[in-house]
2 protein chains.
Amino acid sequence: MKPEEGPIQESTKVSGFIRGISILVLVLRIIAVFGTLGSALAMGTTDETLPFSTQAVIFQAQYDDIPTFRFFVIANATVCGYLAVSIPMAIYHVIRVTSAKSRALLIFFDTIMLALLTAGASSATAVVYLAHKGNSSANWLAICRQFQNFCERITGSLIGSFAAVFIFVLLIPFSGLILTRQR
Amino acid sequence: MKPEEGPIQESTKVSGFIRGISILVLVLRIIAVFGTLGSALAMGTTDETLPFSTQAVIFQAQYDDIPTFRFFVIANATVCGYLAVSIPMAIYHVIRVTSAKSRALLIFFDTIMLALLTAGASSATAVVYLAHKGNSSANWLAICRQFQNFCERITGSLIGSFAAVFIFVLLIPFSGLILTRQR
């Protein structure tokens with residue numbers, strides 16, 4: 001016969017659940033650090049000089065020719081720094097499962113960082129899309145035909161950033177879930 | 001002499017605090033409904049036909065010539081619909097201050113909607129910025145010189161959307177704060 005569960009067993013089960021989620025949160029934060037760092041570095045080191053060019057006007061492409069890409073690098077670097085700082089707190093949450101106020105504080109900062117990172121990634125995506133497809137109504141030509149390496153690089157740099165956005169979309173509800181279980 | 005506070009007075013104080021925040025959340029959600037609705041409508045009804053034009057190529061500008069603006073309208077309409085649906089739940093939270101699971105559920109959906117809305121608003125902003133300033137490296141000309149009304153309209157339509165983003169950045173930590181106080 002299964003013994004009846006008392007309040008102590010119940011509390012141990014909840015602690016185990018919270019600790020499990022806290023470890024997952026820690027791992028996700030570490031992945032997101034590398035995602036945003038990779039994105040910032042990949043975009044920040046992108047430039048391409050064409051050895052020759054049919055059009056005299058364009059012969060070099062650099063990420064900081066386009067202000068949106070500069071914003072993308074700043075946003076990713078900021079979020080990467082924040083995530084690195086938040087890791088000790090995430091470790092503390094694995095050890096102390098009852099800490100509620102610091103989790104609520106992380107929800108606040110995570111939300112701001114999610115907005116910042118999504119803004120950076122989306123605005124860069126809009127420009128990358130234009131670089132690939134151009135826009136006939138606005139007479140904007142697709143520059144990717146000329147700058148293939150440049151375009152591959154800037155497109156690739158979006159991946160780490162969107163991975164980190166996805167991770168934040170998980171982290172914030174996880175914190176909320178833990179707060180309900182701590183009652 | 002001030003009487004000592006018992007657990008009942010303490011609990012009443014906490015309830016009052018949670019109810020106050022819940023009312024604020026409800027008001028903010030209603031404002032965000034109108035913000036996103038206004039943005040979707042302003043962008044979705046934007047088009048401009050020039051009576052005459054020196055360049056034969058461009059003579060009409062419509063929001064759906066640019067896919068990013070179509071995404072902006074879809075994102076705002078989706079978030080507006082979600083916010084409208086969430087209002088009954090926000091009213092329920094004003095009445096029942098102890099409901100924790102439904103608040104955690106709102107954190108989850110609010111986070112997804114924040115990401116969607118920020119993506120729509122930021123990508124549209126990147127294109128609006130290009131329309132205003134152009135980009136000499138990519139040979140993209142500023143189209144706002146020709147389409148002044150169009151540009152004023154699309155720029156204005158961003159306001160409601162960013163106001164709603166700001167509101168979400170408040171709503172999510174508010175839910176987290178309430179969850180810590182319910183313990």
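Mentor: This is a predicted model. Start with the largest nonpolar core, which has 65 residues.
Trainee: Which residues have the most contacts inside it?
Mentor: Leu83(A), Leu114(A), Phe168(A), Leu83(B), Leu114(B) and Phe168(B).
Trainee: Which elements give two or more residues to this core?
Mentor: In chain A, helices H1 (7-44), H2 (67-95), H3 (101-133) and H4 (148-181) do. In chain B, H1, H2, H3 and H4 do.
Trainee: Take Leu83(A). What is it in contact with, leaving aside neighbours within four places in sequence?
Mentor: Arg29(A), Ala32(A), Val33(A), Thr36(A) and Phe168(A).

Trainee: Switching topic. What rotation superposes chain A on chain B?
Mentor: A rotation of 180°, with 0.0 Å of shift along its axis. The RMSD is 0.0 Å. The two copies are thus related as by a two-fold rotation axis.
Trainee: Which C-alpha in chain A is nearest the axis?
Mentor: The one of Ser123(A), 2.0 Å from the axis.
Trainee: Why do we say the copies meet through the same surface?
Mentor: Because 100% of the interface residues of chain A are also interface residues in chain B.

Trainee: Let's look at single residues. Where is Thr68(B)?
Mentor: In helix H2 of chain B, which spans residues 67-95.
Trainee: Buried or exposed?
Mentor: Thr68(B) is buried, because its relative accessible area is 9% and the cut-off for buried is under 20%.
Trainee: What does Thr68(B) contact, apart from neighbours within four places in sequence?
Mentor: Ala126(A) from chain A, plus Ser123(B), Ala124(B) and Val127(B) from chain B.
Trainee: And Ser22(B), which helix is that in?
Mentor: Ser22(B) sits in helix H1 of chain B. Its relative accessibility is 2%, so Ser22(B) counts as buried. Not counting residues up to four places away in sequence, Ser22(B) touches His93(B), Val94(B), Arg103(B) and Ile178(B).

Trainee: Now pockets. How much space lies in the largest one?
Mentor: About 210 Å³.
Trainee: Which residues line the largest pocket?
Mentor: From chain A, Lys101(A), Ala104(A), Leu105(A) and Phe108(A). From chain B, Val169(B), Leu170(B), Pro173(B), Phe174(B), Leu177(B), Thr180(B) and Arg181(B).
Trainee: Which helices supply at least two residues each of that lining?
Mentor: H3 of chain A and H4 of chain B. The largest share comes from H4(B), with seven residues.
Trainee: What is the lining like by class?
Mentor: Eight nonpolar, one polar and two charged residues.

Trainee: Last topic, the backbone. What is phi at Asn139(A)?
Mentor: Near 65°. That is a positive value in a residue other than glycine.
Trainee: Why point that out?
Mentor: Because most residues other than glycine have a negative phi.
Trainee: Where is Asn139(A)?
Mentor: In the loop between H3 and H4 of chain A. At 32% relative accessibility, Asn139(A) counts as partly exposed.
Trainee: What about Asn139(B)?
Mentor: Asn139(B) has a positive phi of about 60°, and is not a glycine either. Asn139(B) is in the loop between H3 and H4 of chain B. Its relative accessibility is 33%, so Asn139(B) counts as partly exposed.

Definitions and conventions
Residues numbered from 1 in each chain as written. Chains lettered and ligands numbered in written order. Predicted model: local features only at pLDDT ≥ 70, side-chain atom pairs only at ≥ 80, totals over all residues. Heavy atoms only, no water. Helix = DSSP H or I, 4+ residues; strand = E, 2+ residues; numbered from the N terminus. Buried < 20%, exposed > 50% of the residue type's maximum accessible area, 1.4 Å probe, protein only. Contact = heavy atoms within 4.5 Å. Core = buried A, V, L, I, M, F, W, Y, C linked by side-chain atoms within 4.5 Å. Least-squares fit on C-alpha atoms with pLDDT ≥ 70 in both. 1 Å grid on protein atoms, 1.4 Å probe; cavity = no way out; pocket = protein on both sides within 12 Å on 5 of 7 lines; lining within 4 Å. Points joined across faces, edges and corners; volume = space filled by probe spheres on them. Nonpolar A, V, L, I, M, F, W, Y, C, P; charged D, E, K, R; others polar.
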